[in-house]
Amino acid sequence: MRLDKLLAKMQFGTRNEVKQLIRQGNVTVDGNRAVSAKQHVDPQTQIVCCSGKRLRYQKYVYYMLYKPKGCVTARKDNVHDTVMDYIKDSRKDLFPVGRLDLDTEGLLLITNDGDLSHRLLSPAKHVKKVYEARIDGAVTTEHINAFAAGVDIGDDTLTAPAELTVLEAGEISSVRVAITEGRYHQIKRMFLAMGRSVVALKRTAMGNVKLDDLLAPGEYRELTEQELNELKGQEDTYAKPDKSRDI
Ligand code: URA
C-alpha cells in the first residue's frame, strides 16, 4: 500500500497532511527515514513509525454503537443525522451492519468487514437479533405461539420463527423478541399483523454480543477481541424448531 494512503487510513491526518509529515522527515520505515509519499510498504511485515509512534495496522475495525433514536442508519442523509456522524473515524469504507429504524435505538455494529456483515445478516446463518419492545396492549400466549410458528406480514413467505417473551404484562407490555432475519420494519409488522403496535423498540444483542450497559445513546466503543471472536463464530444461535413433532 502507498505510504501516504496507509498513514491517512490510520488517522495520522489527511492525505495532504501525511504527505507533509513524510516531507518533514517524521516518518520511518524499518528505521529508515521515508523518502516519498508514493513509497510502497507492507504494513503486516514492515515497521512504520510516524512522529516516533509505531503504527499498528488494522485492516478491519469493529465498533459497537448505541444508536440513539432520531438518526438514520445510512452513510448520508439530507435531513437527519446519520449513525456515521457518531463515529470519529475518517475511514471511508465503514458502514452499519443492517438497519435500525429512525425511532429504534440500541446496538448497531459499524465495520468495514463486508464478509462478517454478510454472515451476520444472512437469514441462512440464523444469527439472533434480540430486541426489547414496549407494546400497546396485552401480549398473550396466542402471540407467543404465532411468533414461534412464523407470522404472515404480507410478504411472499411467513417470517422465520421468532422467540417472544413477556417481561412485564400491562396496558403497555414489555417484551423481548429474538428474530433471525432483518426484514423491513419486521418487528413492528409482526406485532401489527397480530393487532398490536410497537411504541418503543431497542436492540439489545446480536448473536452473543450484548449492548454494553456503560454506553449512553450516541456513544460507541471498539468490540473486544472476545466479542469479535464470538461474532465470528456465530451461526445457528436460534434453536431450530423440532421437526419430529410435525410427523
Ligand atoms: N424491526 C423493526 O420493526 N424496526 C427495527 O428498527 C428493527 C427491527
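Which loop does His126 lie in? It is the loop between helix 3 (114–121) and strand 8 (129–136). Keep that residue in mind; I'll return to its backbone. One caution before we go on: this is a predicted model.

Let's start with the ligand. Where does it sit? The space taken by the ligand is the largest pocket. Around the ligand we find Leu100, Asp101, Thr104, Tyr131, His185, Gln186, Ile187, Lys188 and Leu201. Sort that shell by class and you get four nonpolar, three polar and two charged residues. Which helix gives the largest share of the shell? Helix 5, residues 186–193, with three residues.

Take Asp101 first. An N or O atom in the Asp101 side chain is 2.7 Å from a nitrogen atom of the ligand. Next, Ile187. Here a polar backbone atom of Ile187 is 3.1 Å from a nitrogen atom of the ligand. Then His185. A backbone N or O atom of His185 lies 3.2 Å from an oxygen atom of the ligand. And how much of the ligand does the protein cover? On its own, the ligand has 240 Å² of accessible area, and the protein covers 96% of that.

Stay with His185 for a moment. His185 lies in the loop between strand 10 (172–179) and helix 5. Its phi is near 50°, a positive value in a residue other than glycine. Recall its place: the loop between helix 3 and strand 8.

Last topic: aromatic rings. A pair of rings is described by the distance of the centres and the angle of the planes. How many aromatic pairs does the model have? The count comes to two. One of them joins Tyr63 and Tyr220. The geometry is edge-to-face, with 5.3 Å centre to centre and 90° between the planes. This pair links distant parts of the chain. Tyr63 is in strand 5 (residues 62–67), while Tyr220 is in strand 13 (residues 220–222). The two tyrosines are 157 residues apart.

Definitions and conventions: Residues numbered from 1 in each chain as written. Predicted model: local features only at pLDDT ≥ 70, side-chain atom pairs only at ≥ 80, totals over all residues. Heavy atoms only, no water. Near = heavy atom within 4 Å. Polar contact = N/O pair within 3.5 Å; in protein donor to acceptor, adjacent residues only side chain to side chain. Areas by Shrake-Rupley, 256 points an atom, 1.4 Å probe, with all protein chains shown as cover. 1 Å grid on protein atoms, 1.4 Å probe; cavity = no way out; pocket = protein on both sides within 12 Å on 5 of 7 lines; lining within 4 Å. Sits in = over half its atoms within 2 Å of the grid points. Helix = DSSP H or I, 4+ residues; strand = E, 2+ residues; numbered from the N terminus. Nonpolar A, V, L, I, M, F, W, Y, C, P; charged D, E, K, R; others polar. Phe/Tyr/Trp six-rings, centres within 6.5 Å; stacked < 30°, edge-to-face > 60°.
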